[in-house]
Amino acid sequence: MGANPETAGYPDSDAAGSSLTERYRRIRARTRALCAPLSAEDCSAQSMTEASPVKWHLAHTTWFFETFVLEAHEPGFRPFDEAYRVLFNSYYNGIGEQHPRARRGLLTRPSLAEVLAYREQVDERVTTFLAGGAPPEVRALVELGLHHEQQHQELILMDVKHLLSTNPLEPAYAPIRAASSGPGTAPAMAWHPFPEGVREIGHSGGGFAFDNEAPRHRVFLEPFRLASRPVTCGEFQAFIADGGYRRPELWLDEGWATVRERGWEAPQYWRRNSSGGWELFTLTGRRPLDPAEPVCHLSYFEAEAYARWADARLPSESEWEVAQTEAGGTDGPFQEDGRLHPQAPARSGEGLSQMLGGLWEWTASAYLPYPGFEPAGGAVGEYNGKFMVNQMVLRGGSCATPADHIRPTYRNFFPPDARWPFTGLRLARTL
């Protein structure tokens, strides 16, 4: 990669311009396909401050390519619409002003059709630019933009699910991919030991990684055990039945205050049916809870309280990465599977199940820089580093994550009260 300081830390993983162009077209088309089940009204609404309208996601991901690739490198650059520079800037202070996040749902103009036209024009210009032989530092920016787009693909599914859940009709985003065989039985939880010692974690180079995954460095781990699978809905039901949401001794102080303030009694999207049992709202509609499925849509506070109730703890992100590297597998489901919900693990006894895919797993680690971390220069350096406060790390990817977007070193992060992502937990214990 070239020495452009704005792309430092983002290696070019597509040496051939043609392969990068094909990847660009595929990922951009995938984003558009995710919106196919939605109406223009669906795409314009915003159900909470933390979520964004689908129309905004479509425009912002396009703004990224227009701003960081075309504006800086396209000969004779002219913006599609000068107003979009502010409307669809998310948080890049180095670029300029931003429309307030909480008011994105009020942007009835531009229309969805105009946003799609914006995407088409920028796509044509980017692919034409790549075909002309873009230099390595520009290809690196395009690769960053594509992984940014894949993050927004997952955000689209998260935000749409929250939006539809607030509708009294509880509409489905998509039909069920395959007929359910009914509630299953999760394999027995096994505990896999890992000895103490010095290990290395972090991205080692080769292929794409975000800057927050580096530099690779050594950590010392005390001996620990990690559960063979995520905690299930049935196991979390036992926590609820034992008064888990009513017992302050199980909760961090801020977590207990949040439970009381927001009236939490169960994970997000759990619903009581007429007979008092539990049902789930999913992207494929409302259905009975399957006790064998991994429990999903938990905040860090709920995951940490459950772990304490279970006489266990959450793993650190170092423990999680070491365990996945040494013993874990890639089970899914991922976005491409179309399941849109975590699935009951099929494996029993051998190895660690569903370390990648299914749901993001909370860790006990605060989101902080690795030793020696340096953000990229320029506005693109705001991508990760400035959020390294008041957030917790999650690992592993989810049913809404593209399979080629995730890797063992990937560090996701959310505030501890976030419940609308596809989040769950895996238990750890100290030996």
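Pro 110 sits in the loop that runs between helix H4 (84–87) and helix H5 (112–131), where helices (H or I, at least four residues) and strands (E, at least two) are DSSP runs numbered from the N terminus. The peptide bond leading from Arg 109 into Pro 110 is cis, with omega near 5°. A cis peptide bond also joins Ala 214 and Pro 215, with omega about 0°; Pro 215 belongs to the loop between strand S2 (197–201) and strand S3 (217–221).

A word on the basis of these values is in order. The structure is a predicted model, in which local features need pLDDT of at least 70 and side-chain atom pairs count only at pLDDT 80 or more, while totals for chains, interfaces and linings use all residues. Residues are numbered from 1 along each chain as its sequence is written, and side-chain values use heavy atoms, with hydrogens and water left out. The protein chain has an average pLDDT (the predictor's confidence in each residue, from 0 to 100) of 92, and 94% of the residues score at least 70. Over residues 1–17, however, the pLDDT is below 50, and this stretch has 51 contacts in the model beyond near neighbours in sequence, a contact being heavy atoms within 4.5 Å. Where pLDDT is low, the predicted coordinates should not be read in detail.

Turning to helix packing, H7 (residues 233–241) meets H9 (residues 300–309) at an angle of about 80°, with the axes 11 Å apart. Axes are lines fitted to C-alpha atoms, for helices over the stretch in contact, and angles run from 0 to 180 degrees between N-to-C directions. H7 and H9 are therefore roughly perpendicular to each other, given that angles of 65 to 115 degrees count as roughly perpendicular, under 35 as roughly parallel, over 145 as roughly antiparallel and the rest as oblique. Glu 235, Phe 236, Ala 238 and Phe 239 of H7 make the contact with Glu 302, Ala 305, Tyr 306 and Trp 309 of H9.

The buried residues of H7 are Cys 233, Phe 236, Phe 239 and Ile 240, where buried means under 20% relative accessible area, exposed over 50% and partly exposed in between (1.4 Å probe, protein chains only). Viewed down the axis of H7, these residues fall within an arc of 105°, so they line one face of the helix; the arc is that of the directions from the helix axis to the C-beta atoms. They pack against strand S5 (270–272), strand S6 (278–282) and H9. Just after H7, Gly 243 adopts a positive phi of about 80°.

Helix H3 (residues 54–73) and helix H6 (residues 136–165) pack at about 170°, with their axes 9 Å apart, which makes H3 roughly antiparallel to H6.

His 297 has a positive phi of about 65°, lies in the loop between strand S7 (285–288) and H9, and is buried, with a relative accessible area of 2%. Leu 340, whose phi is near 65°, lies in the loop between strand S8 (328–330) and strand S9 (352–356) and is buried at 9%.

Gly 424, in strand S13 (residues 423–424), counts as buried at 0% relative accessibility. Leaving aside neighbours within four places in sequence, Gly 424 is in contact with Val 295, Leu 298, Leu 359, Trp 360, Glu 361 and Trp 362.
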